[in-house]
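Work through the exercises below with the coordinates open. Each task is followed by a solution in steps.

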Amino acid sequence: MRRTLKDRRRAIDPATKRVWDDRIGARVLAWWHADPGAVLGVYWPLAGEPDLRPAYAELAEAGVRLALPVVLARDAALGFAEWVPGEPTVADSLGVAVPAELRLVARPDALLVPCLGFDARGYRLGYGGGFYDRTLAAPPRPRTLGVAYACQQAQFAIGEHDIALDRIVTEL
């Protein structure tokens, strides 16, 4: 299933992807402005995930503190490091971009969560590491907005440790 969902995402034409990313970014901005918090956990786009960096820049310009996820240990919840768009990043041991200068912060009040797949109930399918589920299981639970393309909606079995997101946003 993960391979099929990755293939669906890779099949999106680059020009179409840019338009869809802008739509998703606008929806993310509206979601945040409707219920702002102190810190928003964002993600660095990997393997064709929606690229929301223009929306991140707009949020930062409006004074929103952003934080990128950081893998602190293999089987632990994610940590978060403050990040300002334009600051240098480096690849961690999993190949994920993290701020070059780690300024760890408390868990953000809200998280954007990239989805490889999602279902109508708000469950997400990730890459299988369980990092976001462990992060959401530990209190206090942040508000969550899953981010995906509509073509990534699928039916899949839910595991005992899977945690539904509050909402999923797509280009539609």
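**Exercise 1: a loop residue**

Locate phenylalanine 156 and list its surroundings.

Step 1. Phenylalanine 156 sits in the loop that runs between strand E10 (143–147) and strand E11 (167–169); helices (H or I, at least four residues) and strands (E, at least two) are DSSP runs, numbered from the N terminus. The model is predicted: local features need pLDDT of at least 70, side-chain atom pairs count only at pLDDT 80 or more, and totals for chains, interfaces and linings use all residues. Residues are numbered from 1 along each chain as its sequence is written, and side-chain values use heavy atoms, with hydrogens and water left out.

Step 2. Not counting residues up to four places away in sequence, phenylalanine 156 touches Met1, Gly117, Phe118, Asp119, Arg121, Tyr123, Arg124 and Leu125; contact means heavy atoms within 4.5 Å. Its C-alpha atom is 7.6 Å from that of aspartate 119, 37 residues apart along the chain.

**Exercise 2: aromatic pairs**

How many aromatic pairs does the structure hold, and how is the pair of tryptophan 20 and tyrosine 149 classed?

Step 1. There are five aromatic pairs. Rings of Phe, Tyr and Trp (its six-membered ring) pair if their centres lie within 6.5 Å; planes under 30 degrees apart count as stacked, over 60 as edge-to-face and the rest as tilted.

Step 2. For tryptophan 20 and tyrosine 149 the centres are 5.8 Å apart and the planes are at 45°, so this pair is tilted. It links distant parts of the chain, with tryptophan 20 in helix H2 and tyrosine 149 in the loop between E10 and E11, 129 residues apart.

Step 3. Tyrosine 149 is buried, at a relative accessible area of 0%.

Step 4. Tyrosine 43 and tyrosine 56 make an edge-to-face pair, at 6.4 Å centre to centre and 85° between the planes. Both tyrosine 43 and tyrosine 56 are buried.

Technical notes. Buried means under 20% relative accessible area, exposed over 50%, partly exposed in between (1.4 Å probe, protein chains only).
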